[in-house]
Amino acid sequence: MTWRQEAGTLCAGIFLLGTTCLAAGRLPAVEETEQLPGVSGQAGGALVVYQRAEPKTLNPLFGFDVSSREVIGRLNADLITINRKTLRAEPALARSFTVGGGGRVYTVKLRRGLKFSDGEPFTADDVVFSFRAYEDGKLGAPQRDLLIVGGEPVKVERVDEATVRITLAVPYAAAERLFDSVAMLPRHLLERAYEDGSLAKAWALTAEPAAIAGLGPYRLKQYVAGEKLVLERNPHYWRVDARGRRLPYLDALEFRFAGSEDAQVLHFLNGDAGMVSGMGARNFAFLAREPRARGAQLVDAGPGLEYNFLFFNLKPQPPGEDAERSVRQSWFAKDDFRRAVSLAIDREAVVRLVYGGRAQPLWGPVTPADRQWVDAGVPHPARSIEQARKLLAGAGFRWSPDRTLVDAEGRAVEFTIVTSASNQERSRMATIIQDDLSQLGMKVQVAPLEFRAMLDRVMNTHRYDAAIFGLASGDADPNADMNVWLSSGGMHLWNAGQAHPSTDWEREIDQRMERQMSERDPGQRKRMFDRVQELLAAHEPVICIASPDILAAARAGLKNFDPAVLQPYTLWNVDRLYWSEGQNRTGASGRP
Amino acid sequence: MAWFLARRLAHAAALLMAVSAGTFALAELAPGDYFAELRTDPRVDAAAVETLRARYGLDRPPLARYGAWMAAAVRGDLGVSIAYNMPVTELLRPRLGRTLELAGVSWVLSWMAALGLAMAAAMRPGGWVDRGTAWLVSALLVVPELLLAALLVLVAARTGVPRLGGFSLAVAALAPGAAPVLLRHARAALREAAGAPFVEAARARGIGGGRLWAVYIFPAAANPMVSLFGLSFAGLLSGTLVVEAVTGWPGVGPLFLEAIASRDFYVIAAVGLVAAALLAAGNLAADLMLYALDPRIRRPR
């Protein structure tokens, strides 16, 4: 073949390829994978994980519970994700994104050439469809609230096959974080169900594996009711390691259901499980001293984002409802009363006795794990019964001869703390607080209630004096807790759903939170949220007590095991986990 | 026979109605509902929770919900699980199979053990087997199934035998709980039959050994044991739910406990109904066997 013939053949080939692509209306299928620098391992093997409860669904729109979310997160992927180690938002299915229009318009460039786990291409149409489903009020997906900004759902438009434009009604700081855990859905599989109104029933646990496809590292292989759920490697996953090999390394991920934390730990100890996460300090200490767990990786990732706190019921009682509670509420409403309670609580003792030292004492709702947002200026006053007594005396309280604290009218200060009976840590915390407050002359009863019964009292009937609660934010950003700090919020626990802020400091918190939500300068946002934290520390509507450490364990041979402080604590990097050479590569037999 | 069967079926239907209404009422009286926990997520608005509550009819009055559920249950539709968002029948089918397997094997084993030991004890009253079984029965009667299951889990966790979450662990926890009552009744029935005048007469005619026990004593003692047949299976089933939850056997038990904790109303009501139906079926089977075996029951009054 002469050079003329070769050139002619090449030109014809290029012409043919070009016309074929144009005819198909698509760009050449170059796969824009994400390469993870520094990640290198060996492929093969399986990992068995025991969950506390069975997942309830595989439908990303309706997976509320932790177990379902843990599985759904391995089957699917988001446009933008929060890196569980740095807590910063990073592009995932999005190759990049730009923010314009005064912080209202996000232009998201998708990675080209990606495929769902069933081999079908992922395009901007899937993104538009996914947002349409999440934002549909009739479907009622809980994520819908995340996607309502300034009272309107975010508007998602297709620009081209690999670009979408997301427009917000008003500027929203760090809006990209909203897209974490909003899994992209396959339009080719779910659009019909959406149109005929059966999307809520789609992807139940009993669905055929072929009917489910996602963009996560794994895809469904088998479900055995009540027993196990097996995922297999997604051959089209879009991340590759430092050497360009497609992730994940593990061939299979098997979820089994233990029923309790103790059972999870026993299965790990017996060699049935490759890892265990979300452990309490008691079980962590047990594993640490158990000879059979010798060699296992026991990791204390430090305090998480969960904050446990005591709060008083400040919700005004309907007239004539409960006169005695109204009297008690008049004490609780005094800032100095709450400050005195806070000063009397021995947080160090709580950390030591309840969490075996694996927790951090707290004086505000932002834990040390949230390095970007925690306000170092929030005071950490040492426990002082003497100081607490002075505050109470200044607020009109006094002590009867038998050392009982009484109010100005001579009524003994006596109230009940409700807590969840199923949470041993909080029940023990309540007992310690009961003892601490007895040193101030307060008579405190502790009432451990069944979890939902407690929620009913706190959130519906408001028939309680004080409660111990714990909240773990789904994100490190303060916007995630708007519902807690705004006086109109349903989770403004001490006095929820106020028509108008009932105190000046709540009004200021409302203003600061609203302003930081739309402020684009991170420095300004930080200053505003610092002020909110200072107001909370000064008035103590929630008396923060402790933040437990994130504790996890894995078998010795499991590499890249790196628990994070944001859920999912241990499986966030499942695509990078691998078994080292010479290890039993099933994770389902042998000792840790 | 038809009248006898019709009466028994009517009793069973009334029992099912009463149990289902009672279960529904108890579940309803417990504070909170399935979506209460979702409300504690700061990122979820109360309006979204209300939409979800409405989807499952939780915004309707309890009586209306019970009526609609019962009407559907008669047609074999036990409602939709709020947690799993799938029909309760689909949820129950594989788990019920495992529960019946566990209860069935434990039932057979407990009957075999009870009958064997009762025969040995009744043949030589006051002998070492009799005294030994009396001691064993007392010991097993005072140990609740829950405690026995927990102890076995501890052993399994320490030694790896039997396997945690395995079938043998669940059977080992369940069968010993059912056997003592059966053993005690079987021994008493056999002793009573062994002392009957017709047995004395048979002995006087020189009949003894295995023939005396197989042909004379055992058939005469069968009547009270048959009554226990159905009841013991139903009793075992109720114990199964708790034992399953403790030992990790994936039957109805863990699902039922989880449903109670999360207020998955239709699962609670359905499990109550199915358990009552199995109890009624056990009783009915025992009644029919007695009807076949005992001519006094067949005789019109």
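## Contacts along chain B

Take the contacts in chain B (heavy atoms within 4.5 Å) between residues at least 6 apart in sequence: 73% of them join residues at least 24 apart. This is a predicted model, in which local features need pLDDT of at least 70, side-chain atom pairs count only at pLDDT 80 or more, and totals for chains, interfaces and linings use all residues. Residues are numbered from 1 along each chain as its sequence is written, chains are lettered from A and ligands numbered from 1 in the order in which they are written, and side-chain values use heavy atoms, with hydrogens and water left out.

Chain B has 12 helices and 2 strands, which are DSSP runs numbered from the N terminus (helices: H or I, at least four residues; strands: E, at least two). Reading from the N terminus, the order is α-α-α-β-β-α-α-α-α-α-α-α-α-α. The C-alpha trace of chain B spans about 85 × 55 × 25 Å along its principal axes.

## How confident is the model?

The predictor's confidence in each residue is called pLDDT and runs from 0 to 100. Chain B has a mean pLDDT of 88, with 99% of its residues at 70 or more. Within chain B, strand β1 (residues 80-81) has the highest confidence, at 94, and helix α12 (residues 295-298) the lowest, at a mean of 74. For the model, ipTM is 0.86 and pTM is 0.89.

## Inside the chains

One place to look is B:Ser110, found in helix α4 of chain B. B:Ser110 is buried, with a relative accessible area of 2%. Not counting residues up to four places away in sequence, B:Ser110 touches B:Ala175, B:Ala178, B:Ala179 and B:Leu182.

Now look at α10(B), whose buried residues include B:Val252, B:Leu255 and B:Phe256. The buried residues of α10(B) pack against α4, α9 (209-247) and α11 (265-293) of chain B, and also against α12 (451-461) of chain A. After α10(B) comes B:Arg263, with a positive phi near 60 degrees.

A:Phe179 is buried, at a relative accessible area of 1%. Leaving aside neighbours within four places in sequence, A:Phe179 is in contact with residues including A:Asp78, A:Phe131 and A:Ile166.

## Where the two chains meet

How many residues does each chain bring to the contact? Chain A gives 47 residues and chain B gives 37 residues. The buried area between them is about 3,700 Å², with 53% from carbon and sulfur atoms; buried area is the accessible area (1.4 Å probe) that two parts lose on being put together, summed over both. B:Arg39, B:Pro42 and B:Arg43 supply 19% of the area that chain B buries against chain A, more than any other three residues.

There are 6 salt bridges between chain B and chain A, each a side-chain nitrogen of Lys or Arg within 4 Å of a carboxyl oxygen of Asp or Glu. One of them joins the side chains of B:Arg95 and A:Glu54 (2.7 Å, N to O). On the side of chain B that touches chain A, the elements giving two or more residues are α2 (46-55), α4 (88-123), α6 (145-159) and α10 (252-262) of chain B.

Technical notes: Buried means under 20% relative accessible area, exposed over 50%, partly exposed in between (1.4 Å probe, protein chains only).
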